[in-house]
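I opened this entry to keep track of what I looked up, one item after another.

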Amino acid sequence: MTAAVRKTRPVRRRRFQLRSMTRWVVFGVVGVYLLLPLVAMLEFSTRDVGWSRSFAAWRDIGVNRELLGAVTLSLELAALTVIGMLVLLTPTMVWVHLRVPRLRRVIEFICLLPLSIPAIVLVVGLAPVYSWVNYIFGDSPLLLAYVYVILVLPYAYRAIHASLLAVDIETLSEAARGLGASWPQVFIRIVVPAIRGGLLSASVLAIALVLGEFTISSLLNYDTLQVIVNLLGLRNAGVSVAVSLAALIFGFVLLFVVSTVGSRRRRVVRAAAQAEGVNGSDS
Amino acid sequence: MTPTGGTDPDPANGDVGLAGARGGSFAPSAGPPVGPARSRRKQLRSAARSLGAVPFLGYVVIFLLWPTVLVVAGAFATDSGETTLDNVRTVVSTGAYLNAFKGSLELSAATALAGGILGGLLAWAVAEGDPDGVLRRAVLAVSGVLAQFGGVMLAFGFLATYGYSGLVTLVVQHLFGLSPYATAGWIYSFFGLGVVYTFFQIPLMVLIFLPALDGLQSQWREASDNLGGNAWAYWRHVAGPILAPSFIGALLLLFVNAFSAYATAAALISQGSPIVPLQIRTYMQSELVIGQANVGKALAFGMVVVVIIVMSLHALLQRRTAKWAS
């Protein structure tokens with residue numbers, strides 16, 4: 001027995017070393033592939049004659065009318081999309097989750113459907129729909145938010161769904177109902193606070209998606225951020241690259257902050273469970 | 001059993017649907033309903049509850065299902081609306097369209113495989129680390145951005161790296177004296193498109209595949225070790241078979257992802273249309289070819305068919321996996 005232990009330990013340690021070495025090689029190789037373009041974007045957008053650096057391209061972001069207009073439009077669209085998504089999806093999902101469980105699969109199927117219908121296909125059929133929308137509401141680029149709500153459904157659904165499963169919404173709402181709360185009260189004062197983490201990450205994903213959206217806006221001829229970035233790329237590549245990098249970093253920071261908030265909450269929940277002596281696995 | 005009391009919070013009085021669709025409220029019944037009347041009431045009630053989903057469903061019909069129906073119907077209609085197979089026939093008999101489909105399928109398959117392998121390795125490297133660590137969260141956040149929201153920006157990233165005046169091109173020129181025209185042309189080619197596509201497939205693979213890797217339990221590894229198995233034996237006989245269905249499923253999703261992508265290709269390739277989405281762009285931008293107005297819809301319909309086939313395979317695979325796992 002002791003001989004066997006003595007024999008396996010170094011083997012295991014060697015294997016562990018091999019594993020951690022492989023791990024860092026993978027990080028190195030794939031990391032370079034993924035990060036090199038981002039580094040190159042920084043280099044390209046600060047390029048000057050010779051070896052000196054210049055931030056002219058970054059300063060141009062602030063003065064380029066076209067670009068500022070596009071940024072404003074895309075931010076407005078992001079806000080409208082988040083509001084539309086929250087108002088449309090949250091009550092429906094909560095209601096179905098609590099009161100109509102047999103519709104859960106239907107809602108899931110519909111929400112994931114946009115993943116199976118490519119945007120490039122959707123836009124072909126959207127052109128006639130949007131000529132009606134424009135006829136009714138007037139021609140405004142903000143109307144793009146209608147279809148953006150559809151595009152964010154899969155991401156929003158997953159985020160909200162996960163948070164609905166993480167908290168015992170059924171018991172909470174039953175308790176509230178038992179104490180005499182009406183359904184709107186249950187929704188606003190019990191459910192929404194309980195799933196706010198999911199709502200937050202759904203909103204962040206929606207913002208990131210809207211800021212990066214190109215297919216539909218470009219083919220319906222609206223000048224959103226990406227359309228203008230693409231257009232400027234032909235004339236003034238430096239500014240385009242600078243804006244692209246800024247947008248990517250903005251998206252990264254958003255997602256990172258949300259994941260930090262999420263993991264802190266997970267840790268708190270786990271610590272609380274341990275303190276109570278509950279030997280629960282985190283689901 | 002009174003309608004308001006008890007543990008069952010039934011919407012007996014003053015209950016208004018959350019989504020605002022349910023106008024009326026149930027009048028409290030005079031006495032406890034019995035027998036068939038009660039079950040009918042129950043059915044009615046449950047049907048009324050379903051109405052809460054109506055605004056959502058209506059919205060989806062207008063902005064998702066209706067456009068899709070228009071595409072499918074248009075693929076089989078003439079300009080004046082009569083049913084025809086001409087559009088589909090045109091797509092099937094035109095070399096450029098067939099080549100575009102071939103290009104799309106090849107590009108999607110190749111980048112799904114390359115991205116799947118590289119992304120799978122990266123996911124493994126992440127899964128080995130601290131589940132709440134900064135590294136993992138950073139990789140996930142970067143993956144989220146690059147996989148789902150990059151589009152045009154990634155195309156610019158690659159041009160800034162490997163384009164005619166990109167960083168790598170200049171470094172190579174400086175070190176080896178090679179002309180940019182000799183070293184940078186590939187990025188604008190079909191192969192270059194594949195390299196860029198692989199770039200956004202890797203992070204998507206990480207997002208999809210990481211949960212499967214997290215599901216591997218350390219006890220399995222220990223059991224394999226204690227039975228004298230080496231790393232190869234563990235991957236060959238334990239982890240490999242367990243992960244295989246998720247891996248293949250992930251590859252199918254990556255395939256669909258590449259097949260549906262448009263923005264990156266549109267920003268990178270301004271002339272020629274080697275893949276279907278770019279053929280659709282050409283059609284969208286010059287809609288007025290007489291008698292051909294619906295060919296673009298036939299192209300889009302072809303894309304839907306391919307995606308449906310792949311997604312059905314994916315669903316089938318998942319059902320099998322679920323059955324096997326339970």
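**Start of a helix**

I began at the start of helix 3 of chain A, where a side-chain oxygen of A:N64 comes to within 3.1 Å of the backbone nitrogen of A:E66. I note here that this is a predicted model. I then looked at the whole of helix 3, which runs over residues 65–99 of chain A and has 35 residues. From its first C-alpha to its last, helix 3 of chain A reaches 50 Å, close to the 51 Å expected at 1.5 Å a residue.

**Two domains in chain A**

Next I looked up how chain A is divided: domain 1 covers 2–45 and domain 2 covers 64–282. I found five residues of domain 1 of chain A in contact with seven residues of domain 2 of chain A. The area buried between these two domains of chain A is about 490 Å², and carbon and sulfur atoms give 92% of that area.

By class, the side of domain 1 of chain A that touches domain 2 has four nonpolar residues, one polar residue and no charged residues.

**Chain A against chain B**

I then turned to the two chains. The contact takes 88 residues from chain A and 93 residues from chain B. About 8,000 Å² is buried between chain B and chain A, with 75% given by carbon and sulfur atoms.

How many salt bridges are found across the interface of chain B and chain A? I found one. In this salt bridge the side chains of B:E128 and A:R19 meet, at 3.3 Å from N to O. I counted eight residue pairs in polar contact between chain B and chain A, both residues at pLDDT 80 or more.

On the side of chain B that touches chain A, the largest share comes from helix 2 (residues 54–75) of chain B, with 14 residues. I sorted that side of chain B by class and wrote down 62 nonpolar, 20 polar and 11 charged residues.

How values were computed: Residues are numbered from 1 along each chain as its sequence is written. Chains are lettered from A and ligands numbered from 1 in the order in which they are written. This is a predicted model: local features need pLDDT of at least 70, side-chain atom pairs count only at pLDDT 80 or more; totals for chains, interfaces and linings use all residues. Side-chain values use heavy atoms; hydrogens and water are left out. Helices (H or I, at least four residues) and strands (E, at least two) are DSSP runs, numbered from the N terminus. The expected span of a helix is 1.5 Å times one less than its number of residues. A polar contact is a pair of N or O atoms within 3.5 Å; within protein, one must be able to donate a hydrogen and the other to accept it, and residues adjacent in sequence count only if both atoms are side-chain atoms. Domain bounds come from an automatic or database domain assignment. Contact means heavy atoms within 4.5 Å. Buried area is the accessible area (1.4 Å probe) that two parts lose on being put together, summed over both. Ala, Val, Leu, Ile, Met, Phe, Trp, Tyr, Cys and Pro count as nonpolar, Asp, Glu, Lys and Arg as charged, and the others, Gly among them, as polar. A salt bridge is a side-chain nitrogen of Lys or Arg within 4 Å of a carboxyl oxygen of Asp or Glu.
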